[in-house]
Amino acid sequence: MAPKAVVYTVFLAIWVVGLALLGACSDAGSGLWATSKAPSEDALAEDATCSDELTSPKVAPMAAAMRAMLLQAETMRAYLVSDSAQSSPPPAWAPMPFEKQTPTDSNVVTPDFLRRASDYHKAFEKVGREPTPEHFNAVVAQCVQCHESNCPGPIKRINRLRIEI
Ligand code: HEC
């Protein structure tokens, strides 16, 4: 190989590895770091964490609240896309004061975080009053918005909640 070609190849290799690392940071749940850990049977634990304690069975109260919120949202989504949405009562839609729970990392609770939490609760209430796909998607948008700044791991999973209208 000519010296020039060698330089080019090395440069290309560095670039590709750099891209892979970038990808890992923007999707903490399924990126490079996650794959180096033991794969979990539990899909929730697998792509739903922003700390590196993937294998820890103990989660902080705020993380536990988030799991309950995810389940509740999945149930509401199933109801809204089903044929019975017009004729049967909606599933439980209980507010979850997650911002009052102890988080894994106490630094997440900032004035900005509390403002996002309050926006989330407003969107959440609207679904309770009027469960429509539009109002539901507004809640999902609030989940994503907060997660973009605080906890990118579960975003892919949260996005799957969105209802095509
Ligand atoms: C105001 C910010 C905020 C909003 C709104 C929010 N989250 Fe979270 N979420 C967080 C933070 C911070 C964590 C990390 C909690 C911890 O580890 O203690 C988290 C963690 C999670 C987790 C991972 C829990 C685990 O097992 O570690 C899931 C799943 C999740 N959120 C889903 C949702 C869903 C679904 C919604 C909307 C219905 C939502 N979140 C709304 C900030 C938010």
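Visitor: Which element gives the largest share of the shell around the ligand?
Guide: This is a predicted model, and in it α4 supplies the largest share of that shell, seven residues. Two or more residues also come from α5 and from α6. Of the 29 residues around the ligand, the nearest are Ala-63, Met-66, Thr-104, Cys-143 and Cys-146.

Visitor: What makes up the shell around the ligand by class?
Guide: The shell holds 21 nonpolar residues, six polar ones and two charged ones.

Visitor: Why is Ala-63 called buried?
Guide: A residue counts as buried if 20 or more other C-beta atoms lie within 10 Å of its own. Ala-63, which sits in helix α4, has 20 such atoms within 10 Å, and therefore Ala-63 is buried. Between Ala-63 and Phe-98 there are 8.4 Å from C-alpha to C-alpha, although the two are 35 residues apart in sequence.

Visitor: And why does Glu-130 count as exposed?
Guide: The label applies at 12 or fewer neighbours, and Glu-130 has 10 C-beta neighbours inside 10 Å, so Glu-130 counts as exposed. Glu-130 is placed in the loop between α5 and α6, with its C-alpha 9.8 Å from that of Pro-90, a residue 40 places away in sequence.

Visitor: How do you know that the buried residues of α6 line one face of the helix?
Guide: The buried residues in α6 are Phe-136, Val-139, Cys-143 and Cys-146. Seen down the helix axis, they fall within an arc of 90°, and therefore they line one face. An α-helix has 3.6 residues a turn, so residues three or four places apart point the same way. On the other side of α6, the residues Glu-134, Glu-148 and Ser-149 are exposed, whereas the cover over its buried residues includes α4, α5 and α7.

Visitor: What puts the buried residues of α5 on the same side?
Guide: In α5 the buried residues are Arg-116, Tyr-120, Phe-124 and Val-127. The arc they cover around the axis is only 80°, which places them on the same side of α5. The face turned away from that side carries exposed residues, including Leu-114, Ser-118 and Lys-122, and what covers the buried residues includes α4 and α6.

Visitor: How do you know that the span of α5 agrees with what it should be?
Guide: For the 19 residues of α5, 1.5 Å a residue gives a span of 27 Å, and the end C-alpha atoms are 27 Å apart, so the two values agree. In α6, with 18 residues, the reach from the first C-alpha to the last is 26 Å, close to the expected 26 Å.

Visitor: Which residues make up the largest nonpolar core?
Guide: This core has 10 residues in all: Met-76, Tyr-120, Phe-124, Val-127, Phe-136, Val-139, Cys-143, Cys-146, Ile-155 and Ile-158. Two or more of them come from each of α5, α6 and α7, and α6 gives the largest share, four residues.

Technical notes: Residues numbered from 1 in each chain as written. Predicted model: local features only at pLDDT ≥ 70, side-chain atom pairs only at ≥ 80, totals over all residues. Core = buried A, V, L, I, M, F, W, Y, C linked by C-beta atoms within 7 Å. Near = placed C-beta within 6 Å. Nonpolar A, V, L, I, M, F, W, Y, C, P; charged D, E, K, R; others polar. Expected span 1.5 Å × (residues − 1). Arc of directions from axis to C-beta. Contact = placed C-beta atoms within 7 Å.
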